[in-house]
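Grab a viewer, try each task, then check the worked solution.

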Amino acid sequence: MESAVRFHDHHLPEVAGSLHEELLTGLTATPKYASPKFFYDRRGSELFDAICEQPEYYPTRTEEAILRAAAADIAEVVGRDATLIELGSGASRKVRLLLEALHPACYLGVDISREFLLESTHRLAADYPWLEVHAACADLTHPMRWPDGLSGERPVAFFPGSSIGNFTPEEAESFLRGLSQLLPTGGGLLIGVDLIKDRAILDAAYNDAAGVTAAFNLNLLERLRREFEAEVEPQAFRHRAFYNELDSRIEMHLVSLYDQAMHLAGERIEFTAGESLHTENSYKYSITGFCELAGRAGFEPRAHWTDRDALFCILYLERAA
Ligand code: AVI
């Protein structure tokens, strides 16, 4: 089914040079940080898929259960024949729960992990022969535009998994504002948002017993070695994740086990024992808090669906007139 997917190559992320720069900026800052987008090389995308299967990681199965239960209701609000644009499409698994009910005219998968994107959109095209499938490799942290040649009556973005939580609230607002400006009036956004809850549930979700989240976090250092030719020993760091109640976010860090130096792009980056590299924030919201944020970004909440335990929420937002 090679030819069934239209791939939009001009959406490729920037050349490795600017990624090096971006990495260096974070690694030489105080405190040190790296954008979570660096998790997602092929191995990182596979590990993320494995996280989604862990019993402690409730967001995926909860969101899928909501989508399964609410597919018909969602279709009623969203309407048929849309141009369905999945942002951060990954394995394109969740959208499958909607396709029959929504019956979009066209599907565009957008993801930063090129190989993974191609494989998953090809599988989608093979499984849904009636669907026009497009793929665009893009970095969602940079301004977007839709590729030409998409059919459908109106664009509806689908941003599942609470990936919005990996932006700070300010970044999330500006991301949503950018998105609302790309949508015509009547265009919409179906978005999954992880909700504030008991910290024990949150801490466990990011510290699974099988160590998959730890491997996902540490893969960042493996990737620095593989792809960015960094000199670094991943086993000289440990995974740390905890809920920061004050900021309503999970923080993930890689903590240096002892004094050491990493070399990247000609720079020597010193770590003292116990020093941490902040690799991810995963913000949690209340439904009202998220609706207010989306409102400031030019969206009007139309409907939302949640599970019985209020762990996770899917909202449908329309671009305000
Ligand atoms: C992709 N994103 C929404 C996940 C999250 O929960 O923030 C990434 C993740 N990090 C550790 N586990 C999962």
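**Exercise 1.** Work out the volume of the second largest cavity, then find what lines it.

Solution. Keep in mind that you're looking at a predicted model.
- Step 1: the second largest cavity comes out at about 30 Å³. The structure holds two cavities of 30 Å³ or more.
- Step 2: You'll meet F48, Y57, P59, T60, E63, K94 and G161.
- Step 3: You get three nonpolar residues, two polar ones and two charged ones.

**Exercise 2.** Find out how many residues surround the ligand, and which are the closest.

Solution. 
- Step 1: count the residues with a heavy atom within 4 Å of the ligand. There are 14 of them, and the closest are Y57, N166, Y206, E280 and S282.
- Step 2: sort this shell by type. It splits into seven nonpolar, six polar and one charged.
- Step 3: look at where the shell comes from. Domain 1 (12–54 + 199–283) and domain 2 (57–197 + 284–319) each supply at least three of its residues.

**Exercise 3.** Pick out polar side-chain atoms of Y206, E280 and S282 and give their distances to ligand atoms.

Solution. 
- Step 1: start with Y206, where a polar side-chain atom sits 2.5 Å from a ligand oxygen.
- Step 2: move on to E280. One of its polar side-chain atoms is 2.7 Å from a nitrogen atom of the ligand.
- Step 3: On its own it has 340 Å² of accessible area, and the protein covers 97% of that.
- Step 4: list the elements that give two or more residues to the shell around the ligand: α2 (42–52), α8 (212–228) and β12 (276–283).

**Exercise 4.** Describe the backbone at P31 and at S92.

Solution. 
- Step 1: go to the loop between α1 (16–27) and β2 (32–33), where P31 lies. The peptide bond joining T30 and P31 is cis, with omega about -10 degrees.
- Step 2: S92 isn't a glycine, yet its phi is positive, at about 50 degrees.

Definitions and conventions. Residues are numbered from 1 along each chain as its sequence is written. This is a predicted model: local features need pLDDT of at least 70, side-chain atom pairs count only at pLDDT 80 or more; totals for chains, interfaces and linings use all residues. Side-chain values use heavy atoms; hydrogens and water are left out. On a 1 Å grid over the protein atoms alone, a cavity is a set of points where a 1.4 Å probe fits but cannot get out, and a pocket is an open set with protein on both sides within 12 Å along at least five of seven lines; lining residues have an atom within 4 Å of a point. Grid points are joined across faces, edges and corners, and a volume is the space filled by probe spheres set on the points. Ala, Val, Leu, Ile, Met, Phe, Trp, Tyr, Cys and Pro count as nonpolar, Asp, Glu, Lys and Arg as charged, and the others, Gly among them, as polar. A residue is near a molecule or strand if one of its heavy atoms lies within 4 Å of it. A polar contact is a pair of N or O atoms within 3.5 Å; within protein, one must be able to donate a hydrogen and the other to accept it, and residues adjacent in sequence count only if both atoms are side-chain atoms. Accessible areas come from the Shrake-Rupley method with a 1.4 Å probe; for residues, only the protein chains shown count as cover. Helices (H or I, at least four residues) and strands (E, at least two) are DSSP runs, numbered from the N terminus. Domain bounds come from an automatic or database domain assignment.
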